[in-house]
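Please look over the sequence and the model before reading on.

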Amino acid sequence: MALENHGEGLPSGAGLRRELGLADAVAIGLGAIVGAGLFVVTGVAAGVAGPAFLVGLILAALVAACNALSSAQLAATFPQSGGTYEYGYRLLHPLAGFTAGWMFLVSKLAAAGTVALGFGGYLAGVVPAVPERLAAVAAILVLAAVNYLGVKKAGRLNMLIVSITLGALVLFVALGASSFSVTNLQPFSPAGWRGVMESAALLFFAYTGYARLATLGEEVREPRRTIPRAILTSLGIAALVYALVSLVAVGTAGAPALAATSAPLEQAALRFRVPEAAIVVAVGATTAMLGVLLSQILGISRMLYAMARRGDLPALLAHVHPRHHVPAYAILLTAVVALLVAVFGSIQVVVSAAAFTILVYYSLTNLAALRSPRDRRLYPRWVSVAVLAGCVALALSLKPAVILPGLGLLGAGLVCRWAYRALSRKVPAEAS
């Protein structure tokens with residue numbers, strides 16, 4: 001059975017194809033990380049910690065790096081679509097795998113539509129004549145179509161998008177360096193270590209997009225070598241970009257100004273000595289949102305495919321297009337849900353529970369890494385133990401208003417799984 005051979009021996013015509021090289025994988029990781037976290041969350045973090053959010057940024061990067069080691073180890077050992085869903089199934093329990101997959105889906109499906117709306121908002125700053133929701137709908141349709149035509153085409157488009165985003169951010173740093181003032185870093189830590197730790201918790205979520213690579217395990221060439229390198233490379237580049245951009249932003253505008261707006265980099269750019277800098281930020285933010293949306297469509301559709309293949313979702317979603325070698329119906333369903341969110345607004349209960357769901361997902365990742373066979377372990381056990389403890393601590397620190405909707409969504413998913421599996425067993429029995 002193909003599932004049991006770690007994905008290495010799948011014939012090229014049997015399913016998904018391994019068409020992504022290291023550069024493609026790194027670009028997908030960067031596209032998933034460099035998005036809303038940099039363009040929005042930095043302002044929130046500055047509000048809770050002052051300029052000391054720069055320390056929180058480093059702490060968050062270290063935690064994310066340890067988490068990335070667990071993800072990289074598992075992705076190299078089990079290079080199938082589905083990421084932690086697959087690892088949970090193999091190393092923990094089917095319900096643990098389902099929990100990871102379901103938590104991923106409920107948060108990312110709503111987030112895809114919300115990110116599309118964010119793209120529309122930023123595009124309106126560059127081209128005011130284009131309505132935000134129309135731009136969001138167009139982005140979803142175009143990116144879903146590119147995904148449908150094959151993962152290689154999606155990878156090439158993503159590389160173009162990420163190149164523009166990184167170019168805009170490098171230009172932001174270059175243009176803003178001359179406006180930097182050390183006085184804007186005083187007082188450095190008005191909220192003390194408590195503020196630094198809170199900012200680290202906020203910024204941790206900004207780094208977590210690298211795990212999108214794990215859900216593409218069946219489409220990466222030489223996965224045991226490529227996936228770990230791609231995860232760590234994309235995270236390292238993103239952390240460097242985050243640090244430089246954040247330092248220039250707070251050194252130019254000051255923490256209070258960044259915290260007072262939902263577009264902190266734009267606020268900083270308005271204070272540069274070069275008036276065109278705000279346009280650079282708008283272009284970078286626009287392409288960043290596109291990159292995140294593209295990576296979400298890739299990740300969600302592969303998770304749907306993986307869960308359908310194991311019988312946790314309708315088998316139709318496991319259909320692979322015979323020519324393009326992509327999960328065609330899974331991509332279409334992803335696009336439909338994202339379009340509904342973009343047209344009618346975000347699913348607030350899902351968005352509010354996103355922090356809890358992602359912590360559950362990564363807790364299961366590290367728990368699975370602890371159960372990984374010793375001969376396939378790439379990194380020490382203490383890495384997974386430390387990050388598991390951190391994820392649990394962060395999850396318990398969340399407010400009940402965030403935790404309870406997350407538990408409710410999980411309960412609804414488990415009920416749906418039980419009902420679907422019961423119905424699936426009943427139908428063949430009646431047919432016979």
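The model is a predicted one.

**The cavity**

How many cavities of 30 Å³ or more does a search of the whole structure find? The search finds one. The volume of the largest cavity is about 40 Å³. Its lining is made up of Leu 30, Gly 31, Val 34, Val 162, Thr 165, Leu 166, Thr 287 and Ala 288. Helices α1 (22-33), α7 (151-176) and α12 (277-309) each supply at least two residues of this lining. Which helix gives the largest share? That helix is α7, with three residues.

**The pocket**

The largest pocket holds about 1800 Å³ of space. Its lining consists of 48 residues, and those nearest its centre are Val 41, Leu 202, Phe 205, Ala 206 and Ala 355. Helix α8 (residues 192-207) gives the most to this lining, with nine residues.

**The helices and the chain**

The chain has 17 helices and zero strands. One of the helices, α5 (residues 94-126), has 33 residues. From its first C-alpha to its last, α5 reaches 47 Å, close to the 48 Å expected at 1.5 Å a residue. Is α5 largely enclosed or open? Buried here means under 20% relative accessible area. Of the 33 residues of α5, 24 are buried, so this helix is largely enclosed by the rest of the structure.

Over the chain as a whole, 56% of the 432 residues count as buried. The C-alpha atoms fill a box of roughly 75 × 50 × 40 Å along the principal axes. A compact globule of 432 residues would have a radius of gyration near 22 Å, and the 21 Å of the chain agrees with this. Contacts between residues at least 6 apart in sequence can also be sorted by separation: 84% of them join residues at least 24 apart.

Terms used. Residues are numbered from 1 along each chain as its sequence is written. This is a predicted model: local features need pLDDT of at least 70, side-chain atom pairs count only at pLDDT 80 or more; totals for chains, interfaces and linings use all residues. Side-chain values use heavy atoms; hydrogens and water are left out. On a 1 Å grid over the protein atoms alone, a cavity is a set of points where a 1.4 Å probe fits but cannot get out, and a pocket is an open set with protein on both sides within 12 Å along at least five of seven lines; lining residues have an atom within 4 Å of a point. Grid points are joined across faces, edges and corners, and a volume is the space filled by probe spheres set on the points. Helices (H or I, at least four residues) and strands (E, at least two) are DSSP runs, numbered from the N terminus. The expected span of a helix is 1.5 Å times one less than its number of residues. Buried means under 20% relative accessible area, exposed over 50%, partly exposed in between (1.4 Å probe, protein chains only). The radius of gyration is taken over C-alpha atoms; the globule rule is 2.2 Å times the number of residues to the power 0.38. Contact means heavy atoms within 4.5 Å.
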